[in-house]
Structures are given as structure tokens and as C-alpha cells.
Amino acid sequence: RFQACVYFASVFQAMSCGIHYLASVFMAVTPNFVCGFPGNVSSVLFHNSSASSIEDIWTLWTSTENYIVVQLENGEIWELDQCSRSKREVSLDLAYEYKGNKSVFPCSDGFLYDDTKWKSTVVTQWDLVCDREWLAKLIQPTFMLGVLIGAVIFGDIADRLGRQRVIWFTSAGQFVFGIAVAFTFDYYGFVIVRFLLAMVSSGYLVVAFVYVTEFVGIKARTWASMHVHAFFAMGIMIVALVGFFVRTWWVYQIFLTIATLPFVLCCWMLPETPFWLLSEERYEDAQKVIDTMARWNKVSTSCKVSELCSVQQDDLARTGDNDTSSTKKHTILDLFCNWQIARRTITVWLIWFTGSLGYYVFSLSSVSLGGNEYLNLFLIGAVELPCYIIACLAMDRLGRRNTLIPFLILSALICVLIMFIPQDFNILIILANMAGKFSIGVAFGLIYLYTAELYPTVVRSLAVGSGSMMCRVGSVVAPFCVYLRSVWIFMPLVATVYFFQLLVGIMALLSGILTIMLPETLGKPLTNT
């Protein structure tokens with residue numbers, strides 16, 4: 001009962017991590033737009049269609065290469081492109097085609113945006129288009145950079161100061177920074193606050209995995225750890241639902257952040273883990289937590305820390321070890337303290353990076369499915385739920401390593417297979433992409449628990465945090481493949497996606513081979529030193 005309450009309280013907040021990670025999908029949408037014009041419009045012409053206002057034209061807009069012809073009340077005729085506008089020298093009649101002289105002007109009167117889907121986004125708020133378009137493209141990578149840094153910083157802090165304090169701070173930080181994002185007054189303030197939000201969101205997710213792993217026993221550890229990902233996926237689904245109903249970006253951000261409020265109000269009641277207290281030799285505090293667990297679970301005879309410690313001391317005496325390793329302040333260099341641990345760390349980091357890069361590359365392919373974008377995002381989150389159930393069943397029966405290896409190799413084979421599917425076979429391409437996302441999702445979800453079990457208590461948060469850092473390196477790299485088409489014009493988008501899928505396939509195959517050398521951790525107790 002005690003572990004269940006602690007678990008569900010902790011993973012509830014993991015939904016907010018999924019929310020903030022994917023919030024920019026709709027917050028930073030770039031709608032259709034054209035240059036503004038100086039004056040009041042009397043008529044609008046788009047190819048063979050005429051209207052009295054530009055709002056009536058947006059439904060006909062099909063390409064960024066289109067332009068709109070407007071006639072002002074003073075008789076001037078302007079051609080409005082996305083990043084420039086032209087004034088016709090001769091304005092006798094309103095026609096779409098014009099071969100006379102034109103004067104080209106910059107968009108000094110701002111831009112006109114299509115608000116049929118979104119009333120306001122950060123792009124329309126600060127005109128992040130044309131020569132400022134690169135600022136919009138930096139929103140998600142800078143967030144992921146904050147996730148990268150937060151994973152390392154808070155993972156290390158959790159090993160030094162405890163899991164409980166980091167959970168308190170990062171939970172409150174997610175709420176405070178989440179609300180603050182909605183009230184930023186300029187682009188740079190928006191990016192800075194989102195960077196801080198990314199750090200605390202990443203910190204919470206990393207420490208929450210360690211926290212629930214150390215509280216839950218061996219019997220339920222697999223399901224408990226893997227379903228933290230399920231709550232993260234539910235956060236993605238919430239983004240789709242809120243995005244469907246709320247079309248103003250700052251209101252949308254507030255509604256998303258409110259989801260974290262219940263946990264913020266009660267997170268101060270969460271205790272520190274006995275594992276960490278024992279590693280810091282705070283035996284009395286550990287005994288208090290264990291006694292509380294015994295009362296909640298109605299256990300008549302509570303576990304005595306003194307008995308555990310005496311057994312541990314006897315074991316240390318027999319092996320000739322001392323207790324300096326438990327009191328030493330560890331750093332990331334301890335993950336490379338010898339060749340065996342260094343090889344393990346390199347393999348784990350590669351799996352983290354490959355899983356993250358593959359997750360976002362397959363998600364990129366899913367965006368081109370068409371249809372309702374809100375439904376697409378909802379399904380992208382929903383498809384992860386059965387993925388984690390199957391992963392849990394396999395991990396408990398086959399083991400962590402024996403589950404990880406085939407799914408990594410399977411994702412590599414799917415990446416290669418996709419490259420040979422003809423473009424006309426859309427349904428087959430979609431199924432292959434979903435299969436690839438499913439297989440890489442199993443490996444991506446499994447590595448959190450596997451990493452926590454591969455390392456001892458004194459560096460567990462640091463190991464998970466550094467692995468998450470490598471994961472976010474992949475997350476930072478992946479969004480840029482979306483933008484290659486605009487700067488690498490001789491390489492079409494399909495070829496770009498194939499290139500990255502081939503890269504994911506090669507890395508997944510290499511990761512699967514290296515995983516063979518990792519030890520199996522199924523059913524084994526967590527180590528302390």
C-alpha cells in the first residue's frame with residue numbers, strides 16, 4: 001500500500017514531463033502568412049477567386065509560392081508574397097497576372113496570418129518568419145539542450161543531496177516556470193524560461209525513475225519502471241487534447257501547466273528512499289521510513305536496519321573491503337573507473353542516444369501521414385502504451401538483456417526495409433514506420449530500468465542522468481533533419497528521412513551487438529557500492 005501510494009504520486013508528475021516536452025508542437029506552429037499592406041483593403045484576388053478580405057482567401061492557399069493581389073481604398077494594387085510585397089506602377093484594373101513595372105518593398109507593416117486554426121502562436125506573436133524563421137526553429141532544440149543539462153545536473157545533485165529534495169524542487173519548478181512561460185514578453189525571455197523549464201522537467205524525470213526503482217521491490221520493479229513511460233505518453237495525449245480545444249498559445253500553456261498542480265501541493269509528503277539514506281549512513285532516518293512503510297502495509301514485525309548493517313559489515317569484513325566507497329562523493333568519472341565499467345557505460349550511452357534519435361526520426365515520418373494533426377499526435381502517444389506492456393512481459397520472462405537485443409536489431413532491420421519500400425505503397429510505409437517506432441520504443445523504455453539496475457546506489461542517479469544526457473543529444477540532433485530541406489535543396493525530404501533512418505539502423509545494430517556483453521539483472525537485488 002505504501003509503495004503504491006508513493007509510486008502513483010511520483011509517476012503522476014511524469015505526465016507533466018511529457019506535456020512540456022511536446023508542448024511546442026502546437027505552440028510554435030507557423031500558419032499561412034503574407035506581408036502586411038499600408039492601408040485599408042477594398043478587394044482581394046487569388047488566381048481566379050476574388051473576395052472582400054484576406055481571411056476569405058486562406059482556404060484556397062495551397063503553396064508558400066503563392067501570392068495574393070489586393071486593391072486598397074486609395075486605388076493602389078499590391079502583390080503580397082510571404083516575405084516581400086510589390087506595388088504595381090500601373091493600377092488601371094485588378095488582375096492576377098501583371099507584366100508591368102513593380103516596386104519591391106520589405107514587410108515593414110508586419111505580417112497577416114491565417115488564424116482559422118490557431119488564434120495565436122509564438123510565431124505570430126513575435127513574427128518568427130522569413131529572416132527570423134531560424135529563431136522559431138531553435139525553440140525545440142534549445143528546450144532539448146536544457147533537458148540535456150538538467151539530466152546531468154539533477155542526477156548528480158540527487159546522489160549528493162538525496163532524491164526527495166530534488167523531487168520537491170523540480171516539481172515546484174515545473175509549475176512556476178510553466179506558468180512563467182505564458183507571461184513572457186519577448187522571444188528571448190520565452191526561450192530562457194523554457195530552457196529552465198526543460199532543466200527541471202528533465203531533472204524530475206531522471207530522479208523519478210531512480211526514486212520509484214529504489215522503493216519498489218524486485219517483483220514489481222519492471223512494471224513500475226516501464227509504466228513511468230506510459231504516464232509520459234499520456235502527457236503527449238493530453239497535449240493533443242488541450243491543443244484541439246485551446247487555440248491561443250499562452251492559454252494553452254497555462255492549461256497544460258495546471259495539470260502539475262495537484263502533485264506540487266502534496267509532493268512535500270514524499271519520503272526519502274531508504275537506499276539513499278543507508279548509502280549515506282543515516283541509519284536512524286532509514287529506520288523511520290521503514291517503520292512508516294510497515295505501519296502503512298500492516299506488517300507486524302518491521303525490518304531492522306541494525307540487523308541489515310551488521311550482516312553487511314560481516315560481508316565487508318570477510319571480503320576485506322572498507323566503507324570508503326559508500327561515503328565518497330562520486331563523479332561522472334566513476335562511470336569509467338575500470339575497463340569493465342567503462343565498456344558498460346559506453347554501451348549504455350550508445351543505446352540511450354540511438355533510442356532517442358530513432359524515436360524522433362520515426363515521429364518525424366509520422367507527421368507526414370496527413371489528416372488531423374491533433375489525432376496524429378494523440379495516436380503517437382497512444383501507440384506507446386501497448387509497447388510498454390509487451391516490453392514488461394518480455395523483460396520479466398526473457399530478461400532485460402535478452403529483450404533489448406532482439407528489439408534493437410529488429411529496429412535496425414526495419415530502418416533498412418523502409419528504404420526499399422516504393423513511395424506508392426503508402427499504407428506499407430506507415431505500417432513499417434509504426435513497427436519501427438514500436439521496436440525502438442521498447443528499447444528506449446527498457447534502458448531506463450536497465451541502467452538503474454546496472455549501477456550501484458552511490459552512482460545510480462548519476463548513471464541514469466548521464467544516460468539521459470546522451471538521450472537528449474539525440475533529441476537535439478533529430479529536429480534539425482526537419483529543416484535540412486530548406487538549406488540542402490538538392491536533397492529531397494524523403495531522402496533526408498531515409499538518411500537518418502539508415503543512421504538509426506546502423507547505430508541500433510551496433511548497440512544490439514554490444515548489448516550481448518552486458519550482464520543480466522533480472523531478479524537480482526540492487527547493489528549499494
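K137 and E133 sit 4 residues apart in helix α5 (residues 133-137), so about one helical turn separates them. Helices here are DSSP runs of H or I with at least four residues, strands are runs of E with at least two, and both are numbered from the N terminus. The side chains of K137 and E133 meet in a salt bridge, with N and O 3.7 Å apart. A salt bridge means a side-chain nitrogen of Lys or Arg within 4 Å of a carboxyl oxygen of Asp or Glu. Side chains of opposite charge can pair when their charged atoms come close.

This is a predicted model, in which local features need pLDDT of at least 70 and side-chain atom pairs count only at pLDDT 80 or more, while totals for chains, interfaces and linings use all residues. Residues are numbered from 1 along each chain as its sequence is written, and side-chain values use heavy atoms, leaving out hydrogens and water.

Searching the whole structure turns up 11 salt bridges. Here are some of them:

| Pair | N to O distance |
|---|---|
| K87 and E76 | 3.3 Å |
| E79 and K102 | 3.1 Å |
| K137 and E133 | 3.7 Å |

Let's look at K87 and E76. K87 belongs to strand β6 (residues 85-88), whereas E76 is in the loop between β4 (68-72) and β5 (77-80), and the two are 11 residues apart. K87 is partly exposed, at 26% relative accessible area, and E76 is partly exposed too, at 22%. Buried means under 20% relative accessible area, exposed means over 50%, and partly exposed is in between (1.4 Å probe, protein chains only).

Next come E79 and K102. E79 is in strand β5 and K102 in strand β7 (residues 102-105), so their bridge ties together parts 23 residues apart in sequence. E79 is buried, with 5% relative accessibility, but K102 is partly exposed at 38%. A network of salt bridges links E79, R88 and K102.

Now for the nonpolar residues. In soluble globular proteins, nonpolar side chains tend to be buried together. A nonpolar core is a set of buried Ala, Val, Leu, Ile, Met, Phe, Trp, Tyr and Cys residues joined through side-chain atoms within 4.5 Å. The largest one has 131 residues, and Y21, V122, F190, L205 and Y252 have the most contacts inside it. Helix α8 (residues 187-215) gives the most to this core, with 18 residues. Beyond its neighbours within four places in sequence, L205 is in contact (heavy atoms within 4.5 Å) with A14, C17, Y21, V228, F232, Y448 and R472. Another core lies apart from the largest one and has 19 residues, including V44, L45, A51 and Y67.
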